[in-house]
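Dear colleague,

I am handing over a structure that will be new to you, and below it I have set out what was found. Please read the notes with the structure open beside them.

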Amino acid sequence: TGLGMEKYFAADGAALALKFVTPCGGRVGTDCKANLIVSDASSGKPTIISPADLQGKVEGPARVLAQTRGAANKYSIHFKPKKSGEYTISATVREKYTQTVKFYVSDATDPNLSRIDGPTKSGNVYSFNVIVSDTTGAPLQVDLGDQLAVGVEAPEGAFTDIQSVSNGNGSFTISLKVLQEGQPFSLTAQLNGTAVGNSPLQFSS
């Protein structure tokens with residue numbers, strides 16, 4: 001039943017809607033994919049189409065071959081990029097209904113060569129910058145989306161409002177609001193499950 005809903009086969013003349021449903025990001029040299037759902041435009045029900053009805057196209061910094069795959073009412077467009085940067089993926093059904101999405105491809109990250117800089121302080125807000133490097137030690141220049149996980153160890157009630165934001169250029173800004181001065185803090189940052197070079201970073205408020 002696909003996504004847990006009843007099966008619905010799209011009639012040849014049915015109006016359809018396409019929607020990409022997963023975060024779009026990947027790495028150079030790996031199988032990158034964007035998943036999508038095809039739905040009936042009137043009812044909103046996910047529909048089943050013939051894989052031959054779906055065409056995929058990928059445009060970006062380097063030419064790549066796009067492959068479409070599908071089963072039940074889940075479909076995907078795959079490609080294997082050789083160069084980092086921003087790609088545009090287009091999905092077209094029955095040569096009529098089209099949807100596009102941006103897809104960010106990064107070079108292979110090296111957590112050991114990446115680092116946390118900071119903190120800087122503005123009032124009671126402490127900010128840090130995470131610089132992500134590739135395997136050569138060069139800073140990445142592409143959006144890494146949600147690949148960074150952060151955590152803080154501190155006495156209970158010592159801080160609040162921790163945030164991590166991708167800057168769109170291979171770096172992240174981490175901020176937190178300190179509620180208790182004179183306390184020890186330990187900040188951790190992980191790239192896809194691996195700690196960056198100087199994580200955990202110890203600091204005091």
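A salt bridge is here a side-chain nitrogen of Lys or Arg within 4 Å of a carboxyl oxygen of Asp or Glu. With that cut-off, the side chains of lysine 121 and glutamate 181 meet in a salt bridge, at 4.0 Å from N to O. Because lysine 121 lies in strand β9 and glutamate 181 in the loop between β13 and β14 (184–191), the pair ties together parts that are 60 residues apart in sequence. Please keep in mind throughout that this is a predicted model.

The structure holds 6 salt bridges, and two others may be worth a look. Lysine 102 forms a salt bridge with glutamate 86, where the closest N and O atoms are 3.6 Å apart; since lysine 102 belongs to strand β8 and glutamate 86 to strand β7, this pair ties together parts that are 16 residues apart in sequence. Lysine 102 is partly exposed, with a relative accessible area of 40%, and glutamate 86 is partly exposed with a relative accessible area of 40%. Lysine 57 forms a salt bridge with glutamate 59, the closest N and O atoms being 3.4 Å apart; lysine 57 counts as partly exposed at 47% relative accessibility, and glutamate 59 counts as partly exposed at 44%.

Within it, β7 (residues 85–93) and β8 (residues 97–106) pair in the antiparallel sense over 9 bridges, and alanine 91 has glutamine 99 in β8 as its bridge partner.

Another open sheet has 4 strands in the order β1-β3-β6-β5, and here the pairing is antiparallel. The edge strands are β1 (16–20) and β5 (67–71), while neighbouring strands are turned by 25 degrees against each other on average, direction ignored. Strands β1 and β3 (residues 32–40) run antiparallel and are joined by 5 bridges, with phenylalanine 20 standing opposite leucine 36 in β3.

Leaving aside its neighbours within four places in sequence, serine 175 is in contact with Val125, Tyr126, Ser127, Asp161, Ile162 and Gln163.

Finally, a search of the whole structure finds 6 aromatic pairs. The rings of tyrosine 126 and phenylalanine 203 have their centres 5.9 Å apart and their planes at 35 degrees, so this pair is tilted. Tyrosine 126 lies in strand β10 (residues 125–131) and phenylalanine 203 in strand β16 (residues 201–204), so the pair ties together parts that are 77 residues apart in sequence. Both tyrosine 126 and phenylalanine 203 are buried, and ring pairs link Tyr126, Phe128, Phe159, Phe185 and Phe203 into a cluster.

With kind regards

Terms used: Residues are numbered from 1 along each chain as its sequence is written. This is a predicted model: local features need pLDDT of at least 70, side-chain atom pairs count only at pLDDT 80 or more; totals for chains, interfaces and linings use all residues. Side-chain values use heavy atoms; hydrogens and water are left out. Two strands pair if DSSP finds at least two bridges between them. Helices (H or I, at least four residues) and strands (E, at least two) are DSSP runs, numbered from the N terminus. Contact means heavy atoms within 4.5 Å. Rings of Phe, Tyr and Trp (its six-membered ring) pair if their centres lie within 6.5 Å; planes under 30 degrees apart count as stacked, over 60 as edge-to-face and the rest as tilted. Buried means under 20% relative accessible area, exposed over 50%, partly exposed in between (1.4 Å probe, protein chains only). Axes are lines fitted to C-alpha atoms, for helices over the stretch in contact, and angles run from 0 to 180 degrees between N-to-C directions.
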